[in-house]
Amino acid sequence: MKLLKLTLENFRVFYGTQKLDLEVSEDKPAVLIFGMNGAGKTTLLNAFTWALYGTFSDDVERQERVINDHAWAQTPFGGLVSASVKLEFEHEGLNFTVHRAVTTTKNADEQSALTPKLTVTQSERGASTTVQNGQDRIQKILPEGLRQFFFFNGERMERMFTGDRTDEVQQAIKTLMGLEEIERAIGTHLPAASRKLSRQVGSNGDGRLQALTAEQDRLEQQKIDVHKELLQLSENAAGYEREVEAANRALLANGKAAPLQRQRAKLKFRLDELVAKRIERQERKRDLLAKNSFLAFTGGIDSTVLDLAEGMRKRRELPAGIQRDYIDGLLEDGQCMCGRDLPEGSEARIALEERRYNAGLADVESRWMYLRGKTADLTLARADLLAKLRECVADIEDIEASIKQIDAEMSDIARELEGVDVMDVQRLEERRKEFDRKRLDALQQHREAQSQLTELDEQIEKVRRQFHSARVQDEESKRIQRQVLLVDEVLDAFQRILAVKTEEVRQQLDAKVKSVFGRICIRPFTPSLTTSFALELVNHSAGVAAARSTGENQILGLSFVGAVSELTKETYDRKQKATDAVLGGGGVYPVVMDAPFGNLDVAYQNDIAESLPKLTSQIITLLSKSQSRGMVLEHLGQAASRMYVLRSYTTNSDADEDSITIHGREFPYVSHGEFNHTVLEEVTA
Amino acid sequence: MGTTESLKDIMDGLSPEARKLVAKVWQLEREHLHVKNPTLLTDEIVRAAKELAK
């Protein structure tokens with residue numbers, strides 16, 4: 001696969017038509033594209049994969065906005081608007097054009113997700129035809145499973161070997177290396193041909209062969225059923241495993257957070273106590289004020305009254321105590337207590353009546369006395385109220401200070417717990433156990449189903465042998481028996497060929513990965529491709545699995561890409577020269593990479609910049625200014641057939657315009673414009 | 001894997017008809033690889049087998 005040209009039409013940040021010529025010479029396999037952050041490097045990388053597979057990588061935001069925002073805004077409601085990517089490439093002597101487009105009638109301000117339409121055209125010697133099953137064709141040229149190895153973001157490369165992608169990678173490598181066709185022959189077409197031939201023993205043919213064919217059909221049907229069950233069990237086990245892993249991750253996160261969570265719970269309890277206490281103190285204060293606040297307004301009056309009463313007492317102005325009703329009795333009887341008569345208007349009666357008046361003042365005096373006692377109580381009560389109010393206020397202030405302190409502590413904890421999906425640890429543990437038990441059950445059932453499958457295979461094999469060796473009388477049945485025997489011989493040969501070739505590919509790939517990795521990585525690590533095509537890294541000085549850093553994972557990823565590229569190219573070259581009918585697979589594949597150096601330090605960047613052009617026969621590299629300095633640019637520049645700048649136009653007049661220096665010349669990098677968009681500009685000498 | 005035989009060993013151990021059929025099947029599979037379920041492929045293998053083992 002050799003990339004020839006990429007044409008973008010209103011595709012995301014790219015407005016209008018933008019073309020990227022990708023043809024390279026043999027000695028200069030690189031195309032370099034420079035762009036600032038946000039200029040569209042990731043979009044450009046995704047333009048290749050969107051054209052080929054119709055999907056974006058996970059790091060692309062707002063994936064529904066395929067059509068350029070300005071083009072969308074310019075389109076009136078009810079008007080048609082579209083975006084497309086056209087990728088032209090050559091593969092095994094044929095030219096292909098992959099065109100993927102979205103077209104819609106604008107009926108809202110915002111775009112919504114659209115289903116793109118794919119057209120694949122194949123041309124050979126000037127004649128061009130539309131490929132009916134275009135996506136399948138692309139899949140066979142460059143399987144999507146390998147997309148992560150040929151179209152990737154260096155900053156995300158360390159994720160290549162994480163997660164459960166081994167099967168996908170193994171299958172994709174098999175497709176690339178021409179092993180898929182053998183698998184299809186073994187898995188589907190040769191057994192089907194064998195059975196079809198077996199069934200051709202007609203009703204007049206050999207009865208024994210007919211019985212054996214019927215028996216095989218029965219066993220094959222059982223095998224299909226068990227196989228379905230196996231798939232379901234695998235799916236279940238994988239699903240349960242994902243749940244267990246998720247619970248493990250949550251447990252780990254919660255485990256780290258557990259002391260903080262405990263502390264937070266303790267603080268929350270204390271906080272609730274304080275809040276309740278504050279409410280209680282406030283109510284107490286309110287109650288004190290409601291019942292006794294009048295005391296605050298009597299301050300001074302009581303002492304004045306006391307002074308007055310005391311003065312009167314001292315001046316004997318408060319009369320002595322004589323009962324008024326006693327005098328009333330004397331006046332009514334008309335005789336004084338001294339025996340004197342008290343006729344009306346007499347001097348004695350008038351004197352007694354005056355005494356009666358004064359006798360009323362005794363109550364007054366008694367009240368004065370009572371008031372004096374009470375007034376003294378008031379002073380005490382006021383002092384007491386003041387003390388109690390002060391105590392309440394002090395308590396409330398203390399409580400509020402404690403609440404503020406706890407709030408601050410809880411805020412710290414909340415910050416530390418940010419990003420942790422806080423769950424109840426016990427519930428998590430139960431969930432983990434439950435799914436682990438389900439997973440183990442599913443695996444046990446899977447093992448049982450597999451044994452059943454092996455048993456069925458053995459029974460089928462036995463029936464086949466009986467079919468091959470059955471003594472047959474009629475000529476027609478003998479002929480069919482020979483034909484079945486031939487197909488079965490080929491089936492057996494293909495099974496052995498697959499085993500040999502798979503191991504051969506694995507060994508070759510393993511050697512290539514080791515070689516490429518050794519050229520770049522300075523640490524004593526050796527990569528190793530397991531029999532299940534999983535990539536491991538061994539620390540050979542310690543003889544244990546290496547603890548891989550992000551940088552090492554990036555180098556491992558690059559090594560794997562380089563190894564796959566080299567191996568497929570070598571196989572392809574061998575196939576071109578050989579006349580061997582059983583040599584398949586291989587090919588030449590490009591590598592398109594964004595931020596190839598990821599987070600690597602300068603020493604590694606230089607090594608990789610030197611190694612990159614040797615990885616494959618065509619390498620499209622997207623770089624920012626900071627990633628293309630000094631030796632890096634020198635190495636890559638020497639290997640470049642073409643260079644482009646992603647020129648960003650911005651409406652932000654406060655932003656500084658910028659340029660990039662390539663081979664001593666300045667090229668616009670950021671410019672002011674009427675709307676935000678990016679333009680591809682070729683760097684010419 | 002533990003396999004020690006080579007591709008050549010396998011091919012050399014086949015009958016002449018089987019060697020021809022291996023090549024034919026491989027060619028058919030490669031031609032139809034981009035089609036998920038090629039309906040006629042099995043019939044073509046049957047036809048080739050009948051041709052080779054009359």
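Reply: Start with a residue. In this predicted model, Asn46(A) touches Phe56(A), Ser57(A) and Val60(A), leaving out residues up to four places away in sequence.

Me: What makes these residues count as touching Asn46(A)?
Reply: The cut-off is a distance between C-beta atoms: within 7 Å, two residues are in contact. Phe56(A), Ser57(A) and Val60(A) are in contact with Asn46(A).

Me: Where does Asn46(A) lie?
Reply: Asn46(A) is part of helix α1, residues 41-53 of chain A. The C-alpha atom of Asn46(A) is 9.8 Å from that of Asn153(A), a residue 107 residues apart from it along the chain.

Me: Why does Asn46(A) count as buried?
Reply: The label needs 20 or more other C-beta atoms within 10 Å. Asn46(A) has 24 such neighbours, so it counts as buried. Across chain A, buried residues make up 31% of the 685 residues.

Me: Why are α7(A) and α12(A) called roughly antiparallel?
Reply: Look at the crossing angle. The axes of α7 (residues 207-292) and α12 (residues 425-469) of chain A cross at roughly 160 degrees and come within 7 Å. Angles over 145 degrees count as roughly antiparallel. Therefore α7(A) and α12(A) are roughly antiparallel to each other. Their crossing is left-handed. By class, their contact has 24 nonpolar, 13 polar and 12 charged residues.

Me: How many residues does each chain give to the contact between chain A and chain B?
Reply: Chain A gives 31 residues and chain B gives 31 residues. On the side of chain A, the elements giving two or more residues are α3 (134-141), α6 (180-198) and α13 (475-520). The largest share, 13 residues, comes from α13(A). By class, this side of chain A has 14 nonpolar, five polar and 12 charged residues.

Me: What is the secondary structure of chain A?
Reply: Chain A has 16 helices and 17 strands. Of its contacts between residues at least 6 apart in sequence, 72% join residues at least 24 apart.

Me: Where in chain A is confidence lowest, and where is it highest?
Reply: Confidence is lowest in strand β11 (residues 544-545) of chain A, at a mean of 64. Strand β1 (residues 2-9) of chain A is highest, at 96. Chain A averages a pLDDT of 85, and 92% of the residues score at least 70. Where pLDDT is low, predicted coordinates should not be read in detail.

Conventions
Residues are numbered from 1 along each chain as its sequence is written. Chains are lettered from A and ligands numbered from 1 in the order in which they are written. This is a predicted model: local features need pLDDT of at least 70, side-chain atom pairs count only at pLDDT 80 or more; totals for chains, interfaces and linings use all residues. Axes are lines fitted to C-alpha atoms, for helices over the stretch in contact, and angles run from 0 to 180 degrees between N-to-C directions. Helices (H or I, at least four residues) and strands (E, at least two) are DSSP runs, numbered from the N terminus. Angles under 35 degrees count as roughly parallel, over 145 as roughly antiparallel, 65 to 115 as roughly perpendicular and the rest as oblique. A crossing is left-handed if the near helix is turned anticlockwise from the far one by less than a right angle, and right-handed if clockwise. Ala, Val, Leu, Ile, Met, Phe, Trp, Tyr, Cys and Pro count as nonpolar, Asp, Glu, Lys and Arg as charged, and the others, Gly among them, as polar. A residue is buried if 20 or more other C-beta atoms lie within 10 Å of its own, exposed if 12 or fewer, and partly exposed in between; C-beta atoms are placed from the backbone. pLDDT is the predictor's confidence in each residue, from 0 to 100.
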